[in-house]
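The sequence and structure come first.

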Amino acid sequence: MNDVSENTYLENINKAKTTDELKKIEIELLGRNGVINNLLKKIKDIPPDQKREYGQKVNSLKKKIEEKIEEKKQILKKNSTKSFFDKTLPGKTYPKGSLHPLTYIIEEIAEIFSSLGFIRVSYPEVEWEYFSFEALNMPKGHPARDDFETFFIDFPENKQYGKMVLSPHTSSGQNREMKRTTPPIRMINIAKTYRPNWDTTHTPMFHQFEGLCIDKNINITHLKGTINYFVKKFFGPKRTIRLRPAHFQFTEPSFEIDVSCGVCGGTGEINNKKCKVCKSGWLELAGAGMVHPNVLKAGGIDVNKYSGWAFGFGPERCMMMREEMAIDDIRILYSGDIRFLENF
Ligand code: FA5
């Protein structure tokens, strides 16, 4: 019996994690064949003049052990009541989060085009002016650049590529895709785009998906067929499209694509009154056209061998034009309003 063994006994008591473990230690130390009793049994072998001191030491150790065990019992009792767990109570429920509704729409769009063999890509959100404009047949100072009002980045200008901008449209990816790969090209570029607008149909950050198809003998019928396929898959078999002449510097000829209104069935009227949603039976959906030869040339494509078309849609607008969505203000999508988001 020495200080080392005394410390070990007390430490073991301290380490006990459960009352069962403590009980086991108590038996080992204070039980009939335990440490203390064995020490007491040895008293007969102690010289008579040392017996008294020996007996006192053993009793003092016994007392310390008893006190420590009692103290530990109280601690374990307190802890066990604190962590009492009633398995029969109903579990806690936490509100489930979900992806933003537009993310689901984008995935759906990507899947439709993937089924037609279009490869999904995305190009820089912060882009050089060259890819957003020059490569798209819009040289510096060209008024058509005003149509894509642009956020400029405070960054040193590049001699070859000009200023840095927040990409104002996914058409910026056309030149990059032409340089990344060779025809046949089937690109679907889905990305964030930016313009300083804010009203019921415009937000400063929005998305676009850009289709680009370049191959031998590509013509407008392929463009119409592809968009028609998309519209029927996305909006339903009753919806139809029409192409209206328009102007984009990077396509020739160019079109606006309209989709028949899902609310009035494309008639423009409900109960002899003008349809409030479309007013005409048609909703404007996207810009499109045959890729301008200058754009193909800037991408290193042989214009005598290849032709192509491109389109650019806004997925937010597509979402709004779905009958079941009933969204009349695009800004709700980015308002962070949980009452709206919870519906998806
Ligand atoms: C363009 O951006 C062209 N790059 C489209 C294109 C691609 C034409 C390829 C030809 C060939 P536009 O500015 O019309 O075109 O925008 C296309 C679509 O983006 C719009 O129909 C609309 O759905 C969406 N859009 C444009 N600005 C915003 C905005 N501020 N907020 C939400 N959606 C927008």
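The notes below are grouped by topic.

This is a predicted model, in which local features need pLDDT of at least 70, side-chain atom pairs count only at pLDDT 80 or more, and totals for chains, interfaces and linings use all residues. Residues are numbered from 1 along each chain as its sequence is written, and side-chain values use heavy atoms, with hydrogens and water left out.

**Domains**
- The protein chain is split into domain 1 (3–80) and domain 2 (101–341), with bounds from an automatic or database domain assignment.
- Between the C-alpha centres of domain 1 and domain 2 the distance is 82 Å.

**Helix α5**
- Helices are DSSP runs (H or I, at least four residues), numbered from the N terminus.
- Buried residues (under 20% relative accessible area, 1.4 Å probe, protein chains only) of α5 include Leu102, Ile105, Ile109 and Phe113.

**Aromatic pairs**
- Rings of Phe, Tyr and Trp (its six-membered ring) pair if their centres lie within 6.5 Å; planes under 30 degrees apart count as stacked, over 60 as edge-to-face and the rest as tilted.
- The whole structure holds 21 aromatic pairs.
- Phe230 and Phe234 are stacked, because their ring centres are 5.4 Å apart and their planes at 20 degrees.
- Phe248 and Phe250 form a tilted pair, with 5.6 Å between centres and 35 degrees between planes.
- One aromatic cluster includes Phe113, Phe230, Phe234 and Trp309.

Notes: Buried < 20%, exposed > 50% of the residue type's maximum accessible area, 1.4 Å probe, protein only. Helix = DSSP H or I, 4+ residues; strand = E, 2+ residues; numbered from the N terminus.
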